[in-house]
Amino acid sequence: MTQLSNSLAAADLATSLHPYTDARALEETGPIIIARGEGIHVWDTAGNKYIEGLAGLWSVAVGFGETRLADAAHKQMSQLPYYHIFAAKAHEPSIRLAEKLVEITPEPLTRVFYTNSGSEANDTVVKLVWYMNNALGRPEKKKFLARNKGYHGITIASGSLTGLPNNHRDFDLPAIPVVHLTCPHFYRFGQEGETEAEFTARLLAELEAVIEREGAETIAAFIGEPLMGAGGVMVPPEGYWPGVEAICRKHDILLVSDEVINGFGRTGGRFGCETYGFTPDIMTVSKQITSSYMPLAAVLFTEEIYDAIADNSHKIGTFGHGYTASGHPVATAVALENLAILEERDLMGAANRLGPRLQEGLRQYADHPLVGEVRGAGLIAGIELVADKATRAPFAPIGRVGAQAAIFGHAEGLIFRAIGDTLALCPPLIVTEADIDQIVEKMGRALDRTA
Ligand code: PLP
């Protein structure tokens with residue numbers, strides 16, 4: 001390590017608490033300090049070059065160093081660096097972006113509310129839905145249905161919707177009324193002898209049974225990621241989403257598609273709900289909306305929901321919710337430019353063009369002694385490592401082998417994310433065929449070194 005990175009690392013260890021990190025383990029290893037990025041690559045302060053196989057945090061769609069986004073930010077900062085959209089104020093970038101989002105998302109979604117992060121977007125969903133149901137005179141209709149291993153963020157409400165033990169444990173969550181259903185991952189949660197179709201039928205029967213038990217009049221909404229990302233890249237079984245949609249419609253339960261990872265072309269369709277065949281009443285988006293060059297997220301919802309909220313805000317005199325940076329002009333200007341790039345280069349079609357090469361390339365490792373399942377869709381994939389291929393028994397403790405693999409990945413010049421023992425890949429949408437071949441090869445070498 002250079003002297004610079006040594007002193008930076010020391011300063012980091014002396015001052016920071018890192019998100020999603022074992023703080024004491026970090027004190028031993030120190031951080032990898034990333035200094036710059038270009039295209040699909042990043043470099044650390046020691047000069048090591050990596051392919052960013054997770055696009056940062058599933059988000060840098062256009063790759064690093066896209067000067068058009070820097071120019072858009074500079075232009076907006078020079079003209080109007082900040083203004084809010086509270087109390088009847090507005091500005092052009094947030095208006096234009098809302099128009100664009102309404103244009104490209106499924107038809108019933110006609111309204112946009114801006115937040116800074118995916119967590120705040122899902123938190124806002126809870127508040128919108130509660131506010132709406134109070135306004136409609138049905139204050140008992142407040143519960144959410146979510147899934148085990150679903151990821152919706154970490155604020156008090158969105159963290160409650162998340163179905164992962166580490167996001168609940170010792171945080172006193174869930175703190176809102178939520179029922180977590182079986183994770184729709186056939187490999188892990190299918191029963192012995194069950195077909196995928198039978199698995200889907202069982203999950204739908206469970207959903208019906210939970211609604212029956214809780215009472216549809218107490219359930220406000222069902223939230224899910226079309227393809228589950230941060231819980232371990234899990235593809236829904238055939239027929240699952242249309243089935244969930246039909247049941248929600250029957251019981252007057254709103255359907256929320258959390259597209260924070262899926263959105264803007266990750267799974268093949270422009271949005272995950274298109275890939276998996278359902279139409280939500282509410283959608284949350286973030287990450288690839290700006291390629292994470294600026295923090296931004298949005299909630300999209302139907303005119304019907306808007307009307308109920310608008311009427312109530314008129315009665316009360318305000319809609320008492322919003323963030324200082326809701327619709328931030330620089331973030332929304334960057335999002336507009338980013339979406340223009342995605343459209344001009346047809347990057348929302350990249351998952352259809354290049355996804356098969358990534359998926360097929362990785363599936364050659366299905367026979368690797370460590371690998372239980374290779375899964376994914378479009379340009380997102382997961383490789384689950386297991387202690388016993390035949391019984392699918394996980395390693396104990398979960399995560400140790402995955403973490404080792406990630407370190408070997410670094411040594412091979414590939415950054416991926418170990419989620420427990422699932423190795424997640426989600427490269428920038430600008431990847432080429434040659435890049436994908438390199439990612440696949442480097443992953444293979446990391447697996448061999450781990451074995
Ligand atoms: N929803 C999904 C599906 C996510 O993957 C994430 C983050 O990874 C979030 C919500 C939370 O977003 P943020 O980290 O911006 O709060």
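**Confidence.** I looked up the scores of this predicted model. The protein chain averages a pLDDT (the predictor's confidence in each residue, from 0 to 100) of 97, and 99% of the residues score at least 70. Local features need pLDDT of at least 70 and side-chain atom pairs count only at pLDDT 80 or more, while totals for chains, interfaces and linings use all residues. Residues are numbered from 1 along each chain as its sequence is written.

**Sheet.** The order is E4-E10-E9-E8-E7-E5-E6, with mixed pairing. Two strands pair if DSSP finds at least two bridges between them. Strand E4 (109-115) and strand E6 (178-181) each have a single partner strand, so one side of each is left without a neighbour in the sheet. From one strand to the next, the twist averages 20°.

**One pair.** I checked strand E8 (residues 254-258) against strand E9 (residues 282-285): they pair in the parallel sense over 3 bridges. Asp 258 has Thr 284 in E9 as its bridge partner.

**Two helices.** I turned to helices (DSSP runs of H or I, at least four residues). Helix H16 (residues 400-411) packs with helix H17 (residues 433-450) at about 130°, their axes 8 Å apart. Axes are lines fitted to C-alpha atoms, for helices over the stretch in contact; angles run from 0 to 180 degrees between N-to-C directions. That makes H16 oblique to H17. Angles under 35 degrees count as roughly parallel, over 145 as roughly antiparallel, 65 to 115 as roughly perpendicular and the rest as oblique. Residues in the contact (C-beta atoms, placed from the backbone, within 7 Å) include Phe 408 of H16 and Leu 447 of H17.

Conventions: Two residues are in contact if their C-beta atoms, placed from the backbone, lie within 7 Å.
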